Each structure stands twice: as structure tokens, then as C-alpha cells.
Amino acid sequence: MAKRPRAKIAKWPLCWCAFSLLPVLVPLPVPQAQEQPASERHVSEFRGLTMGGTFSVKIVTPKDELETPGLHDVDRALRSTLDRIEGLMSTWDRDSELSRFNRSTSLAPFALSRETFEVFRWSIDVGALTGGALDVTIGPLVDAWGFGPSGPRPTLPTTEEIARLRDAMGPDKIELNPATMTVRKTKPGVQCDLSSVVPGYAADRLSRELTDRGFTDFLVDVGGEVLARGRNQAGALWQVAVERPELHGDAIQRLVPISDLAITTAGDYRKYREVDGQRVSHILDPRTGRPLTHRLASVTVIDTLAVRADAFDTALMVLGMDEGIALAIKLDLAALFIERTAEGFTERATPRFEAIAAKR
């Protein structure tokens, strides 16, 4: 639904992945002017499994400030937050709130938790800003292409099947009511998938949990969505590496220094299927009902909120290089686009991204 060194974590692995895959982002401390001696700063790290992938949290504190009981308390709080979000919004857990909504054929308002409602709202808002490039009602299509809870299919969906499924898609097929915290289907067959936004939302929630506990310097990674606060152990900005979008290897395309920002990436080069010799990307264009075929390999977005960056990276990936970067500039987004060429890769970044990347 913070990057470990050299790890390869898909953005929502198979059991959650609907739209996009996150290339590895690796936090790398680099020698810089220190605001506080590194010997006086300590890193406590928490790792685990969540949402079919992993999470990692690094907290920097004055040396020995966190004692063992405090560490256990923080660990329990982080895992509890992640378990709740997964239990609410998983499409693979039949008992989740989202799965129950998807199974229902009622056109009556369906009560949601505050967390699920917020993710719906972010998804719909970004979908509107991007002309439908992000669409939460894409659930049946994700399943039809073999990336949903039903698992891989031996054949590709037909044109007729795609058309039929798309008939129950679109922003007009659901209605949100903030006053009652409910969502309502306007057609019985509507099914939603929030996978391209939930990891970023979870990173924001962990950040809020740590901030409420008084921590000011930490790095959060949920399934590849990175959010940084304050400074690293050396007292410098956190350094995050954007991976070059290759099928194999973990070469670095860019090192980006961030603080009090989130950075997420959507890409099509690690998660795909091969059917009858045809490579099928797991990122689907809601406007056509089909996988992407353009040359754009990945999009990285930096924002103050991980949930917003997570939503926009997928939408911009769907739009492609030209349309995507034009919209990103118009919306003043910090975005990096990496496209395949005959010679390898070429990149284009928005002015806001370059301004952030230039900080040291």
C-alpha cells in the first residue's frame, strides 16, 4: 500500500499491487557539515512485513535516549497502525472494509472508517486533477489482467470484456459524503482498488505517530514509499537514491536530498506478466482499460505528503512523458520522468524537482 540499502521492494507486491511499482529508493548518509556530532546521535531501526511487502523506520535520537521499553512501545505502535490500515483497505483480505464494500451490490451509502474515507478522497481528488489517469473504480480491470486477488489468468481479457468492465468504472460511479463518512455506488458492479495510494497514506500515518511521540528526525519506508523528517545521523539531509529503471540491477539514477518531504516512484519495469509471449505491464490506463505501452519507465514525485506523491506518481506514469510533464509543471509538482530510448534512458524533471534536488 524510507529505503533499505539495496533492497528491491515492489510498490505493493502482487498481493496488493494495482497500478504501479516503486523502484528502489535507498537512503544513503553522505559526508556533509554536521549540525550535531554523529557520535552523539543514535539510530534505532524498526523493520517488518506489511501489505505483502516490508516496512522500515529509522529514528535518530540523542545517544541512548530510547531505552528498551520505549523501543518496544514504538515498535508495537508502528505495527498496530500498519495492521489497521491493511485490515481496512486490502483487496486480498475478504474481511477488510474495502472488500466488503466491493462485494456489496447495494446502492445505499456504505459507512467507512476515517482512514479509508481519506484514501478514497485523495484518490478521487488526484483522479480529477489528472483527467481520470487515476481511478479507484479500476478494481475489476486489475483482476481481469491477472494482477488482482483472483491471481494470474492464462489469457488476456477480450475487447468485449474490457468494454463491459469499463461500463462500471469512472468517478461518477461512486459518491462520497464527508458529513456521514460514507461512499455510495451508483451501479451495483462497482469495485474499487486503493492500492496505488495506501502505502503513501500509511507512511504519512507512521510519520504522524512518531511526531506525536516527540520524534523530530526519522525516515519512514512503507513498501517503498519514503518520508523523511529532520536530519540523518550525521546531522545532514537524508539522501534518497532514485533507481535507474532497469529490469536487473540497482543502479542509481539520481541522489536526492530531502527533509520534511516524501518521495515516491511508480514504474513498469519490475512487475509484469508474460502471456503468449506478450509482456503485460501491471500499470493500467483507466481511460482505455489496457496496460501502458508508451516508453515512460518511471515517475518520481516529491511532496510534503506521501499520500499525494503516491497518487500523483501513478497518474503521471499513466499520462506518459509529454502529457505527464506538462501537467506536472502546470500543477507545480516536483516530478522526475525517466523514459526509455534506443541508447538507454533519458530524463526530464520539473523546475520544482530540480530545485529540491539542488539542495545540499
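Start with glutamate 45: its bridge partner in β3 is lysine 58. Strand β2 covers residues 41-50, strand β3 covers residues 53-62, and ten bridges join the two. They run antiparallel. For the terms: two strands count as paired if DSSP finds at least two bridges between them. Strands are DSSP runs of E, at least two residues, and helices are runs of H or I, at least four residues, all numbered from the N terminus. β2 and β3 make a hairpin, with two residues between them. Methionine 51 sits in that turn, with a positive phi of about 55°.

Now the ground rules. This is a predicted model, so local features need pLDDT of at least 70 and side-chain atom pairs count only at pLDDT 80 or more, while totals for chains, interfaces and linings use all residues. Residues are numbered from 1 along each chain as its sequence is written, and side-chain values use heavy atoms, with hydrogens and water left out.

Next, a sheet. It is open, it has three strands, and the order is β4-β6-β5 with antiparallel pairing. Which strands stand at the edges? β4, residues 110-111, and β5. Each has a single partner strand, so one side of each is left without a neighbour in the sheet. β4 and β6 pair over two bridges. Phenylalanine 110 stands opposite valine 183 in β6. Helix α3, residues 114-129, packs on this sheet and touches β5 and β6. Contact here means heavy atoms within 4.5 Å. The direction of α3 makes about 120° with that of β5. Axes are lines fitted to C-alpha atoms, for helices over the stretch in contact, and angles run from 0 to 180 degrees between N-to-C directions.

On to the cores. A nonpolar core is a set of buried Ala, Val, Leu, Ile, Met, Phe, Trp, Tyr and Cys residues joined through side-chain atoms within 4.5 Å. Buried means under 20% relative accessible area, exposed means over 50%, and partly exposed lies in between, with a 1.4 Å probe and protein chains only. The largest core has 64 residues. Those touching the most other members are Val57, Phe120, Leu210, Val220, Leu316 and Phe337. Helix α7, residues 306-319, gives the most to this core: ten residues. Take leucine 316. Leaving out residues up to four places away in sequence, leucine 316 touches Leu296, Val299, Val301, Gly324, Leu327, Ala328, Leu333, Ala335 and Phe337. There is also a second, separate core of 18 residues, including Ala228, Ile263, Ile302 and Ala357.

Isoleucine 263 takes us to strand β11. Isoleucine 263 is buried, at 0% relative accessibility. Its C-alpha atom is separated by 5.7 Å from that of valine 301, which is 38 residues apart along the chain. Threonine 264 is also found in β11, residues 261-267. Is threonine 264 buried or exposed? Buried, with a relative accessible area of 0%. Its side chain has a polar contact of 2.6 Å with the side chain of aspartate 313. The side chain of threonine 264 also reaches the backbone nitrogen of aspartate 310, at 3.5 Å. A polar contact is a pair of N or O atoms within 3.5 Å; within protein, one must be able to donate a hydrogen and the other to accept it, and residues adjacent in sequence count only if both atoms are side-chain atoms.

Last topic: charges. Side chains of opposite charge can pair when their charged atoms come close. How many salt bridges does the structure hold? The count is 18. The criterion is a side-chain nitrogen of Lys or Arg within 4 Å of a carboxyl oxygen of Asp or Glu.

Lysine 187 and aspartate 167 meet at 2.7 Å, N to O. Lysine 187 lies in the loop between β6 (182-185) and α6 (198-212), and aspartate 167 in the loop between α5 (159-166) and β5 (174-177), so the pair ties together parts that are 20 residues apart in sequence. Lysine 187 is partly exposed at 27%, and aspartate 167 is partly exposed at 46%.

Arginine 308 and aspartate 303 also meet at 2.7 Å, N to O. Arginine 308 is partly exposed at 25%, whereas aspartate 303 is buried at 7%.

Arginine 348 and aspartate 322 meet at 3.5 Å, N to O. Arginine 348 is in strand β18, residues 344-349, and aspartate 322 is in helix α8, residues 321-330; the two are 26 residues apart. Arginine 348 is partly exposed at 39%, and aspartate 322 is exposed at 58%. Finally, Asp73, Arg76, Glu209 and Arg213 form one network, joined by salt bridges that share partners.
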